[in-house]
Amino acid sequence: MAVDNRQADASEESLHRIFTVPEAPDSTLGRIEKEISENLNAFLQTHIAAREKPLAEIEKDFLSADIPENPAFVSEHTHFLLDKLVAQSVHTSAPSFIGHMTSALPYFLMPLSKIMIGLNQNLVKIETSKAFTPLERQVLGMLHNLIFNEEEVFYQQWMHSANHSLGAFCSGGTVANITALWVARNNVLKPDGKFRGVAQEGLYRAMKHYGYDDLAILVSERGHYSLKKAADVLGIGRENVISVKTDDNNRICLDELNKTLASLKARNIKPFAIVGVAGTTETGNIDPLDQLADIAQEHGCHFHVDAAWGGATLMSNRYRSLLKGVERADSVTIDAHKQLYVPMGAGMVIFKNPALMTAIEHHAEYILRKGSKDLGSHTLEGSRSGMAMLLFASMNIISRPGYELLINNSIEKAKYFAQLINSHPDFELISEPELCLLTYRYVPEATQRALKIATPAQRERLLDALNDLTKFIQKRQRESGKSFVSRTRITPDKWDRKITTVLRVVLANPLTTDKILQDVLCEQKALAPQSEVSYPEIISLTEKILSER
Ligand SMILES: *Cc1c(COP(=O)(O)O)cnc(C)c1O
């Protein structure tokens, strides 16, 4: 194991050593730290994805289920991590990594994150977090202010109030959405006379008490899958997340929503929550939030806005009107680890009304005593890190106008890319960018003409082959490691709502240049003919269709 005959041992003395603050820069740990930084920097400057090593190969380095009997030196283990883990991870901050909502981070977060790990605060209660608790409450207040823009006195009254909470900081959008719907469920099935509420008595007795046959959550068919998880864990059932049809801009159809509401009511099913999506994960479109707020109000539903990805747009004075109506939501999900450029593991749900969260309040004797300011009394999660600190730091260091620049540039870059796609004869833009996300695909110019005149059967075959080709291009491009776009499947109106595989681009990295975007298209066009099945099929079908005319 150890190259130099030395052998790490599991003695009390060495354990004592690893828990002791190391002395200054020339200590072994100081040296290791420097090496890691240098190695990470090199990685961040060179790779996009590692020279594609098949996952099955990588798995060989992670095969043993044995917990080591012999301890390793930190330096030794660091080399394992650098070789086998870092080198084979994904370079999400590369400027040509434009496929996902996970993107570059500002570099100042590296040193600052040491404060978080170093102090190891636990935000579940004041006794293990002290100043971190008011900091997190302030962060929730700042986000509340960003969304709902209440008066100064509102925040002075509620932000630090022991019996209230403006929201919850959590690990991500999924937990945020679960929390929002948990609150909504507990409020619709709240205590009433002798009935002590669903939180105490459970769903079965709650339904009997209120006399509903079922509950339902309504969201557009572009709703995020986390809503189904929420329905599952809350005992509502995935089937009761009702998908409402979208229009050709991927926004919820209000007529369909009204029809669905009426039909649910006729069947004695209580629609208790309407979810508006502010930035769909697949296409980046925003539901008409103002109208959704009207409908939710009219039907007495909790109005939740899932702005996990798009919520950061509120930082932009130029574009925040795209989310008009969000200020009428009962609750809003925002992920800081998406467009607020904070490391993974930072989600939030914010409630307009500071009293709403009492529906899920939970107390325990040794912690979370009544009247304490412990954040844990209003969160689904128990122990939590001081992650809010990194969002706090980012909002101070970047500031609102800084975020506005990031957001505006991303949206404008997406518009540029859309224009590039539109003006290229061999590409088809599938969804127009509303925020910094768009979908498109490669369709040779002649094939575009052929599609217009094809018989339904020919058209079907061409579209199937195009789906295969899009998948091929996306995989090849990822494997070649220069750039990365993702792919998804949607049902565009233009193609009769047929399931269509599309390339998906998220332009969040400020270092992504126009040149990179041009190169991405060039590479995709060059990759297409390498497909041995779908490409030849498309070409021959195209020729046949065009020659028949
Ligand atoms: C990302 C996302 C989520 C889920 O968030 P996680 O942080 O991945 O748990 C939910 N809704 C939308 C619209 C999202 O984009």
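In the predicted model, a polar side-chain atom of Lys 338 sits 2.9 Å from an oxygen atom of the ligand. Polar contacts here are pairs of N or O atoms within 3.5 Å; within protein, one atom must be able to donate a hydrogen and the other to accept it, and residues adjacent in sequence count only if both atoms are side-chain atoms. On its own the ligand exposes 380 Å², and the protein buries 87% of that (areas by the Shrake-Rupley method with a 1.4 Å probe; for residues, only the protein chains shown count as cover).

As this is a predicted model, local features need pLDDT of at least 70 and side-chain atom pairs count only at pLDDT 80 or more, while totals for chains, interfaces and linings use all residues. Residues are numbered from 1 along each chain as its sequence is written, and side-chain values use heavy atoms, with hydrogens and water left out.

The ligand is surrounded by 15 residues, the closest being Gly 173, Thr 174, Asp 306, Asp 335 and Lys 338 (a residue is near a molecule or strand if one of its heavy atoms lies within 4 Å of it). A polar backbone atom of Gly 173 is 2.8 Å from an oxygen atom of the ligand, and an N or O atom in the side chain of Asp 306 is 2.6 Å from a ligand nitrogen atom. Helix H8 (residues 173–188) supplies the largest share of the shell, three residues; helices (H or I, at least four residues) and strands (E, at least two) are DSSP runs numbered from the N terminus.

Lys 338 itself belongs to the loop between strand E6 (331–335) and strand E7 (347–351). UniProt, in an unreviewed entry, lists Lys 338 under "modified residue: N6-(pyridoxal phosphate)lysine"; such annotations may be inferred rather than shown by experiment. With a relative accessible area of 18%, Lys 338 is buried (under 20%; exposed is over 50%, partly exposed in between, with a 1.4 Å probe and protein chains only). The side chains of Lys 338 and Asp 335 are joined by a polar contact of 3.3 Å. Beyond four places in sequence, Lys 338 is in contact (heavy atoms within 4.5 Å) with Met 101, Ala 308 and Trp 309.

His 337 is found in the loop between E6 and E7 too, and counts as buried at 12% relative accessibility. Not counting residues up to four places away in sequence, His 337 touches several residues, including Met 101, Ser 171 and Gly 172. A polar atom of the His 337 side chain lies 2.9 Å from the backbone nitrogen of Gly 345, and the side chain of His 337 reaches the backbone nitrogen of Ala 346 at 3.1 Å.
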